[in-house]
Amino acid sequence: MSNQLCRCSYTICLLLFLIATGTLRFYRFADGVQRRIHVSDDLNDVLDSEEDEEGKQWGRKETANSGSDIQSEMMKRVLGPVFGFVKLRLGTRRTPEMVTDIAKRWANLARTGAIETKFIGVDWSTVMFTMEKGQDTTELKKFLLEQEEAYEIKIRDQLFRRPGDPPFEEVFQIEEEKNRHSEL
């Protein structure tokens, strides 16, 4: 037992001596972290040919250039309840029951896509919708524009149509003129 105690005290003394003389430094592992590499701020003569266009655009804020970009950003920030109207495509004679069936089908389809919306048939060419969660308006707009019966969507004071479609009023006037000519 005294032999082991003697060895232990010799080992402790040796470690203290090495630490005191600086030969055995405990911070030797951290020396690599403490070294600094100096990079000059004058990089005018350096040519960076590895960066592509995507890398140059990284980190920059995108600016909304078109009106549709601004509208979609505004739609994302709507939090309260929302209601709107969907104008159905003209050219097909519909009864109120047919419009109600379309509204029911849309409500079931929207529910499967986790969009909580209620649809109500208003007249032979209009369906009204209400939503409790306004942040889902962008998804609802996309959903409705994918439906073949939908022509124009009005949410608050904004109108949405498929690209290239004329306004509903123009189409309605053309349909009325066709009906007048067919009656004559």
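Which residues make up the covered face of strand β5, and which the uncovered one?

1. Strand β5, which spans residues 158–161, has Gln158 and Phe160 on its covered face, while Leu159 and Arg161 belong to the uncovered one. Strands here (E, at least two residues) and helices (H or I, at least four residues) are DSSP runs, numbered from the N terminus.

2. On the basis of the model, this is a prediction in which local features need pLDDT of at least 70 and side-chain atom pairs count only at pLDDT 80 or more, whereas totals for chains, interfaces and linings use all residues. Residues are numbered from 1 along each chain as its sequence is written, and side-chain values use heavy atoms, with hydrogens and water left out.

3. The sheet is an open one of five strands in the order β2-β3-β1-β4-β5, with antiparallel pairing, where two strands pair if DSSP finds at least two bridges between them. Its edge strands are β2 and β5, each of which pairs on one side only. Neighbouring strands of this sheet are turned against each other by 25 degrees on average, direction ignored, the axes being lines fitted to C-alpha atoms (for helices over the stretch in contact), with angles running from 0 to 180 degrees between N-to-C directions.

4. Phenylalanine 119 has phenylalanine 129 in β3 as its bridge partner, and lysine 118 stands opposite threonine 130 in β3.

5. Phenylalanine 83 lies in strand β1 and is partly exposed, with a relative accessible area of 49%; buried means under 20% relative accessible area, exposed over 50%, and partly exposed in between (1.4 Å probe, protein chains only). Leaving aside its neighbours within four places in sequence, phenylalanine 83 is in contact (heavy atoms within 4.5 Å) with Phe129, Thr130, Ile155 and Arg156. Phenylalanine 83 and phenylalanine 129 are 46 residues apart in sequence, yet their C-alpha atoms are 5.5 Å apart in space.

6. Helix α5 (residues 96–112) has 17 residues and reaches 25 Å from its first C-alpha to its last, close to the 24 Å expected at 1.5 Å a residue, a span taken as 1.5 Å times one less than the number of residues. Its buried residues are Val99, Ile102, Ala103, Trp106, Ala107 and Ala110. They cover an arc of only 135 degrees around the axis, which puts them on the same side of α5, the arc being that of the directions from the helix axis to the C-beta atoms. On the other side of α5, Glu97, Lys104, Arg111 and Thr112 are exposed.

7. The helix α5 lies across β1, β2, β3 and β4, running at about 165 degrees to β2. What covers its buried residues includes β1 (82–88), β2 (117–123), β3 (126–131), α6 (137–146) and β4. Threonine 117, placed in strand β2, is buried with a relative accessible area of 6%, and its contacts, leaving aside neighbours within four places in sequence, are with Ala107, Phe129, Thr130, Met131 and Leu140. Just after α5, alanine 114 takes a positive phi of about 65 degrees.

8. Arginine 162 lies in the loop between β5 and α7 (168–183). A polar atom of the arginine 162 side chain lies 2.7 Å from the backbone oxygen of leucine 145, and the side chain of arginine 162 also reaches the backbone oxygen of alanine 150 at 2.7 Å. Not counting residues up to four places away in sequence, arginine 162 touches, among others, Arg89, Glu146, Glu148 and Tyr151.

9. Proline 166 is found in the loop between β5 and α7 and, at 33% relative accessibility, counts as partly exposed. Leaving aside its neighbours within four places in sequence, proline 166 is in contact with Tyr151, Arg161 and Val171.

Key. Polar contact = N/O pair within 3.5 Å; in protein donor to acceptor, adjacent residues only side chain to side chain.
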